[in-house]
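Please keep the sequence and the structure in view while reading.

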Amino acid sequence: MIYDIIEPKDKKVPILVSIPHAGTLFPEELQDQYVPGRMAFPDDTDWFLPELYSFVSEMGITLITARYSRWVIDLNRDPDSKPLYNDGRAITGLTPDKTFFGEPLYLANSPDADEISRRKNLYYFPYHHQIAEILSGLREKYNHVLLYDAHSIRRRVPSIYSDPFPDVILGDNDGTSAHPDLIAAAWEVLASGTWSPMHNTLFRGGHITRHFGNPAKGIHALQLERSKDLYMDDTETHYHPGRAAMMQARLRNMFEKLILTLEKLNHESH
């Protein structure tokens, strides 16, 4: 299996949380192609996000997480490798050959067109098809459903941004991937308290958000990027239960508001 699905423990609500970058596995047939040290610790991983979001099933939310590393294939990139941004930043591709810090991933050649196509069929499209299937199932019951794509990043990645990243970045493709009320509900929580938030700045949502978000058809999509030291230790290598618990409390509050907003939208659409 290339992904894990955690079904809701409580009454199902119309929200799917996707975590495409937390996988750390490498297919056996590819393992001799990577630089061994890189494969042993795939540093561009969104570490521990499944643990951080483990509470969502208690709220009736469905969770899907990828098992394979984004270095095998990046599930949040355009399948035709169209760049997400054109502002000069370093962007890892659909099948990256370098880390965010410019370090080579492969001992020799990076994947050719045939190999990229093979990986798309084996690892990329099944994840996207599963998202589509879950959303379709939710839409059979609700007029409005939400896909929430969860990500994390090191506090400093100079190849993308010269300054430290803010605490959290909400992306909705400049307001086009979700209803304004859902965006406002998420932003109300993210912008409160002590976090330094940004909105559609630096990141406005990757391919998953842009591809699936279609408010006119009742499918809304949001992306949340967060700095890893909010729920990991200062080295950004180990889970920090205390920090994680504080973040989970805020996230729970956000999902409560999103659930209420979806209830309102669904009530109004009847």
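The sections below cover the basis of the model, a central strand, the nonpolar cores and a loop residue.

## Basis of the model

The model is predicted: local features need pLDDT of at least 70 and side-chain atom pairs count only at pLDDT 80 or more, while totals for chains, interfaces and linings use all residues. Residues are numbered from 1 along each chain as its sequence is written, and side-chain values use heavy atoms, leaving out hydrogens and water.

## Strand β2

Helices (H or I, at least four residues) and strands (E, at least two) are DSSP runs, numbered from the N terminus. In β2, 5 of 5 residues are buried, that is, under 20% relative accessible area with a 1.4 Å probe, protein chains only. Ile-15, Val-17 and Ile-19 point one way, and Leu-16 and Ser-18 the other.

Strands pair if DSSP finds at least two bridges between them. β2 runs parallel to β4, joined by 4 bridges, and Leu-16 stands opposite Leu-147 there. Another 4 bridges join β2 to β3, also parallel, where Ser-18 partners Ile-64.

## Nonpolar cores

A nonpolar core is a set of buried Ala, Val, Leu, Ile, Met, Phe, Trp, Tyr and Cys residues joined through side-chain atoms within 4.5 Å. The largest has 41 residues, and Ile-15 is among those with the most contacts inside it. To this core α6 gives the most, 9 residues.

A second, separate core of 30 residues includes Leu-94 and Phe-212.

## Residue Thr-95

Thr-95 lies in the loop between β3 and α3 and is buried, with a relative accessible area of 12%. Its contacts (heavy atoms within 4.5 Å) include Val-72 and Arg-119.

Conventions:
Buried < 20%, exposed > 50% of the residue type's maximum accessible area, 1.4 Å probe, protein only. Lists of a residue's contacts leave out its neighbours within four places in sequence.
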